Amino acid sequence: MKKIVKRDGSIEKFSKTKIADAVYKSTINSEKGIDEKLGIAISNKVEEIFKNRDKSLTVEEIQDLVEVLLMESNRKDVAKHYILYREKRANIRKKPWDMDELQKSIWKNKYRHNDEKFDDWISRVSAKNTRIAKLIRQKKFLFAGRILANRGLYKENLKVTYSNCYVLEPPKDNLEDIFDTAKKLARTFSYGGGVGIDISKLRPKGAKVNNSAKNTTGSVSFMELYSMTTGLIGQRGRRGALMISMDIRHPDIEDFIDIKTDLNKITKANISVRINDEFMKAVENNEKYKCEFTVDINKEHIIKEVDARKLFMKLCKNNWDYAEPGILFWDNIKKHHFMSEDNTFSHAGVNPCAEEPLPSGGSCLLGSINLSEFVIQPFYEGATFDINKFKACVREAVIALNEVLDEGLDLHPLEEQKISVSKYRQIGLGVMGIGDMLIKMNIRYGSDKSINLCSLIAKTMLNEAVKQSALLAKEYGPFKEYKEEFIFKSEFFKRNIDEDVKELVKLYGLRNSQLLTIPPTGSISTMLGISGGIEPIFNLSYIRKTESLHDEDVYYKVYTPIVKEYMDLKNITDEKDLPDIFVTAMNLNYNDRIKMQQAWQQYIDASISSTINLQHEATVEDVYKIYMSAWKAKLKGITIFRDGCKRSGVLINEKPKKEKEDIAEKELSITKEENEKFICPECGNEQMANTGGCSICLKCGYSGCN
């Protein structure tokens, strides 16, 4: 078998299929149209010539040969497309990314170490894995922020972690453990990791205690301790992120739901309610529901009966008004993953953006694939998704995340984290750029066509990831807690995994207990200039403010990158003339948003960080309908952000008062009430977009969990 020499010096088998595929792609949108036979004919000629050569050819020599053969054919139009594509890829290999000021700011301030050059940065974060370095340079894949910022720096004796977030063991119902948890929080934050904790094990307000107080102030009273701890510990490029959750069955649940209606309380944490199917059915049927708690030490049993619908409407009202709490559909979380049938395994909570349900000590080691870079011939009628290149990227990403996991095993802040990660080996491969991908393919976000395409991509991603995890298990062994009988009983595994992939798992096991998630990708997607997570683009344009040399505010319009690219290509000068494929987070029908999340959630074994953006005029009834629809669609979690709610104080999309008002008057305005503002902690900017579970500063690129 003939071999070719790749650009990085590695050797690979000669592949006629790759040549035929490259030529076929060049025929898409060419002047004379698609021609599948041309690619086959060219690849056959290349093979014939290759047979007569004694030495291996390089990739460049093969591509030069293809160019010559295309020019000699009757399809010089295809040769032109092929040559232009080669030039584009050559520029990508040689140059750093093209970035505007916002994107450069994110890279320099969050991810570049000291003054390292772009090529050195890629070398560091890829640890010289040439395949993953190539994908990063092509903007097809990117590790999450902690890896980009920290990988390789352990050599400099810095206390760093590669994991974005952790879930700690829920605090036990005693004072010592409650404060030990605060200590663990502080240690984890100091390494740069966010944390999720659940406080459902703490006894409710009024329960007996064996100290001078006689009765406890309740579980909710300790939330301020954890919030304060989060605020005290600074992190490079981000504030510490904390998620506090509580089970709907806890008697203190009403106090928990109401805690953040006081804008001065729990200011450094997100909160979410763990809701089960039994409660949701009680809401649907307008029934009573019992919140119960038994104190382990003295067996005191506390029961509080609530009106399920009334309690749920309080949650909806608070979310409408304050953007919190979020909802975790806990039965869906428990049922739909690989370990669901193993009764020795349980999720202890979720990370701050809720895309990673994890056991005690578990961590989320994240990376995301940029789907928009897999569109062939973007914006044209024949635009298609390159499923084969995508499959290869999934496999390389799974390998790379496992490399990072092994490299970082000794870098976790706490011993319980090292033990948990070693036992279960969770990784979180996700996607971003969905909104951009659909625009490039002339497909409207939320349409049946978009849902069908995303379902295909999601199922492909899952099966390729499982396949690669099985092949890694062949080489290195399965994760320590792997038990074949339970994996094969899992409904998630049985329903979604192809038969040939199941055979591989049967033979070798799985290297990872958890594989896929969809994080918000706030900073990294903004740095790439694409939409984050599974969201559509946030807005067509926004107003950026800067100070002139004369200390005066200057306002100017900035288009979202995909919008500007399309307008330039199509010679459009006014965004009002854009076609209806340009759906934004602020004008998307929420039913379409739920359908999109459902399409992905079916094949994601972890969860999805999700924010549904609502216009200021949305009602509490709208929030209720969204939550009920999300539950029935078997989503694992969701939160809602209404434009101009009390927790933001800023209207991102305020309606203009008159047609002729100038740009300065269109600047984001503060609502009349004395409300808390989402102000960027790094630059003081008030233009904070809330999307995909993240608050993103539209000036400096700071991002943090909602």
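Guide: Pro204 counts as buried because its relative accessibility is 1%, where buried means under 20% relative accessible area, exposed over 50% and partly exposed in between, with a 1.4 Å probe and protein chains only. This is a predicted model, in which local features need pLDDT of at least 70 and side-chain atom pairs count only at pLDDT 80 or more, while totals for chains, interfaces and linings use all residues. Residues are numbered from 1 along each chain as its sequence is written, and side-chain values use heavy atoms, with hydrogens and water left out.

Pro204 sits in the loop that runs between strand 6 (194–198) and helix 10 (223–232), helices being DSSP runs of H or I with at least four residues and strands runs of E with at least two, numbered from the N terminus. Leaving aside residues up to four places away in sequence, Pro204 touches Thr216, Gly218, His250, Pro251, Asp252, Phe293 and Ile302, a contact being heavy atoms within 4.5 Å. Leu153, by comparison, is 51 residues from Pro204 along the chain, and the C-alpha atoms of the two are separated by 44 Å.

As for the whole, buried residues make up 59% of the 706 residues in the protein. Among contacts with a separation of 6 or more, 71% join residues 24 or more positions apart. The secondary structure comes to 25 helices and 29 strands, and the C-alpha atoms fill a box of roughly 90 × 70 × 55 Å along the principal axes.
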